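Dear colleague,

Please find below the structure that I am handing over to you. My notes on what was found in it follow directly after.

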Amino acid sequence: MRVEKRYEGDIWAEARPSCRPVLLRTEPTTLRRGDFALFAPTLHIGSSNHVGLVGDNGTGKSTLVTRIAETLPVDVHCLLIPQEPDESRKLETMKALQSFPADQRGRVLSIVAQLNSDPVRLLEGGSVSPGEMRKLMLALGILEKPELIVMGEPTSHLDIGSVEALQRLIAAWPGALLLVSHDAAIVQASTSIIWETETCAGGFRLVVR
């Protein structure tokens, strides 16, 4: 028998969409990298839009996310959580957790617990899996009240309980979301707009569905 974990408190109780209706608007463009080309139409991300970016590997999804991060207005607060945080980002994240006052650290660890991880294990330090690190980065970032959350393959390295918990959490996020994933279930549950890369003459194109 499996008993589902339940925790009191709404993570998003104080969260609100940005006061600006549109966080990002781009004109049609071609993104090039060597022989690679991605043709993108006009794109926009509204203050509460949940966008799923899908497509095969090597079709320009990472290139597009990089361009979006570079194009965002400087005063739009974006929380970017990569698929594989590098060592410097991991070290920075752990230092941030340790530097927080007790009440804020407790809030972060409560969110981590709701994402189906053991907070005590994080406090003990040592080796932290990529999946746990992304959970911690999300929990820390939530305290900073971002307007846009960008996540790359968030279900990678996660067990089924953690995937379900993450899916519930980001689906309820009231702000803007850009979710890059091959996991059709979490894309369907958490987003309402799909950007899909597909092969075309001369490279790849982005289609908005």
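Helix H2 (residues 87-99) passes helix H5 (residues 130-143) in a left-handed crossing. A crossing is called left-handed if the near helix is turned anticlockwise from the far one by less than a right angle, and right-handed if clockwise. Please note that this is a predicted model, in which local features need pLDDT of at least 70 and side-chain atom pairs count only at pLDDT 80 or more, while totals for chains, interfaces and linings use all residues. Residues are numbered from 1 along each chain as its sequence is written, and side-chain values use heavy atoms, with hydrogens and water left out. Helices (H or I, at least four residues) and strands (E, at least two) are DSSP runs, numbered from the N terminus.

The axes of H2 and H5 come within 10 Å and cross at roughly 50°; axes are lines fitted to C-alpha atoms, for helices over the stretch in contact, and angles run from 0 to 180 degrees between N-to-C directions. H2 is therefore oblique to H5, as angles under 35 degrees count as roughly parallel, over 145 as roughly antiparallel, 65 to 115 as roughly perpendicular and the rest as oblique. On the H2 side, the contact (heavy atoms within 4.5 Å) is made by Arg-89, Lys-90, Thr-93, Met-94, Ala-96 and Leu-97. H5 contributes Met-133, Leu-136, Met-137 and Leu-140.

H5 also packs against helix H3 (residues 102-114), at an angle of about 130° and with the axes 9 Å apart. That angle makes H3 oblique to H5, and this crossing is right-handed. Among the residues that meet here are Val-108 and Ile-111 of H3 and Ala-139 and Leu-143 of H5.

Turning to the strands, eight of them form an open sheet with mixed pairing, in the order E2-E3-E10-E9-E5-E8-E7-E6; two strands pair if DSSP finds at least two bridges between them. Strands E2 (29-33) and E6 (78-81) stand at the edges with a single partner strand each, so one side of each has no neighbour in the sheet. E2 runs antiparallel to E3 (residues 36-40), and five bridges join the two. One of these bridges pairs Arg-33 with Phe-36 of E3.

Yours sincerely
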